[in-house]
Amino acid sequence: MKAEFPLNSLGLTHRVMATHVKPGAFCIDATAGKGRDTLFLCGLVGPTGRVLAMDIQAEAVAQTAALLTEHGVAERARVVQVCHSRMGEYAAPETVDGIMFNFGWLPGGDHTVFSGPDTSIAAVKAGLELLKPGGVMTLCIYYGRENGVAERDALLRFLPALDNRRYTVIRGDFVNRTGDVPIPVCIVKEY
């Protein structure tokens, strides 16, 4: 069965991951949310791979674990309630094949709990150290409401400063869509 990738921010980041992540890989879903990206990564890494999923909300951790159990892939993943900025405590440098972020808040959850500029930039920095050469990191930057604009602006100021000899950073913009359209970003670690 061929995977379908919608032409939106999440679909683009999934397409990038599907191109780079192979069976047996180790991946991180840094913002587990409802577990959909964790489930997607479990499918990519297959029975011999593993996925670390993290989220700051107990509700997100529970929903992610339940979704993985429902689909019979729970043994491939470790789901922890912790801030994404602490991912370096769960993986060694240059051991991770792919990392996914969806910045913002838990859909349908408590909108007073969300990621912010300080922890999100710290998480991206930590993730870049964890990536293997050739590894890929994707970011879906959701913004708007109370929290998202400051986080978006901080991330978009931070990303161009990454060493272009070590990282390739690609940012996508949907120039003919209106509203707070999520921004997809892909980072490839060159060495």
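In which sense do strand 2 and strand 3 pair, and over how many bridges? Strand 2 (residues 50-55) pairs with strand 3 in the parallel sense, over 5 bridges. Two strands pair if DSSP finds at least two bridges between them. Helices (H or I, at least four residues) and strands (E, at least two) are DSSP runs, numbered from the N terminus.

This is a predicted model, in which local features need pLDDT of at least 70, side-chain atom pairs count only at pLDDT 80 or more, and totals for chains, interfaces and linings use all residues. Residues are numbered from 1 along each chain as its sequence is written, and side-chain values use heavy atoms, with hydrogens and water left out.

An open sheet has 7 strands in the order 3-2-1-4-5-7-6, with mixed pairing. Strand 3 (77-81) and strand 6 (167-171) stand at the edges with a single partner strand each, so one side of each has no neighbour in the sheet. Neighbouring strands are turned by 15 degrees against each other on average, direction ignored. Strands of a sheet pair through backbone hydrogen bonds, either parallel or antiparallel.

Strand 1 and strand 2 also pair in the parallel sense, over 4 bridges. Phe26 has Arg50 of strand 2 as its bridge partner. On the other pairing, Leu52 stands opposite Arg78 in strand 3. Buried means under 20% relative accessible area, exposed over 50%, and partly exposed in between (1.4 Å probe, protein chains only).

**The helices**

Helix 1 (residues 9-20) lies across strand 4 (96-103), strand 5 (131-141) and strand 7 (183-189). Helix 1 runs at about 170 degrees to strand 5. Axes are lines fitted to C-alpha atoms, for helices over the stretch in contact, and angles run from 0 to 180 degrees between N-to-C directions.

Helix 2 (residues 36-45) packs on helix 3 (residues 58-70) at an angle of about 35 degrees, with the axes 9 Å apart. The contact (heavy atoms within 4.5 Å) is made by Arg36, Thr38, Leu39 and Cys42 of helix 2 and by Thr64, Leu67 and Leu68 of helix 3.

Why is helix 2 described as largely enclosed? Of its 10 residues, 7 are buried, so the rest of the structure largely encloses helix 2. Among the buried ones are Phe40, Leu41 and Val45. The buried residues of helix 2 pack against helix 1, strand 1 (26-29), strand 2, helix 3, strand 3 and strand 4. Gly46 follows helix 2 and has a positive phi, near 70 degrees.

**Rings and charges**

The whole structure holds 1 aromatic pair. The rings of Phe101 and Phe103 have centres 4.9 Å apart and planes at 10 degrees, so they are stacked. Rings of Phe, Tyr and Trp (its six-membered ring) pair if their centres lie within 6.5 Å; planes under 30 degrees apart count as stacked, over 60 as edge-to-face and the rest as tilted. Phe101 and Phe103 are both buried.

Charges also sit over rings. That requires NZ of Lys or CZ of Arg within 6 Å of the ring centre and within 35 degrees of the ring normal.

| Charged residue | Ring | Distance to ring centre |
|---|---|---|
| Arg50 | Phe26 | 3.8 Å |
| Arg152 | Tyr143 | 4.6 Å |

**A buried serine**

Ser120 lies in helix 4 (residues 117-130). Ser120 counts as buried because its relative accessibility is 0%. Leaving out residues up to four places away in sequence, Ser120 touches His84, Phe103, Ser115 and Glu151.
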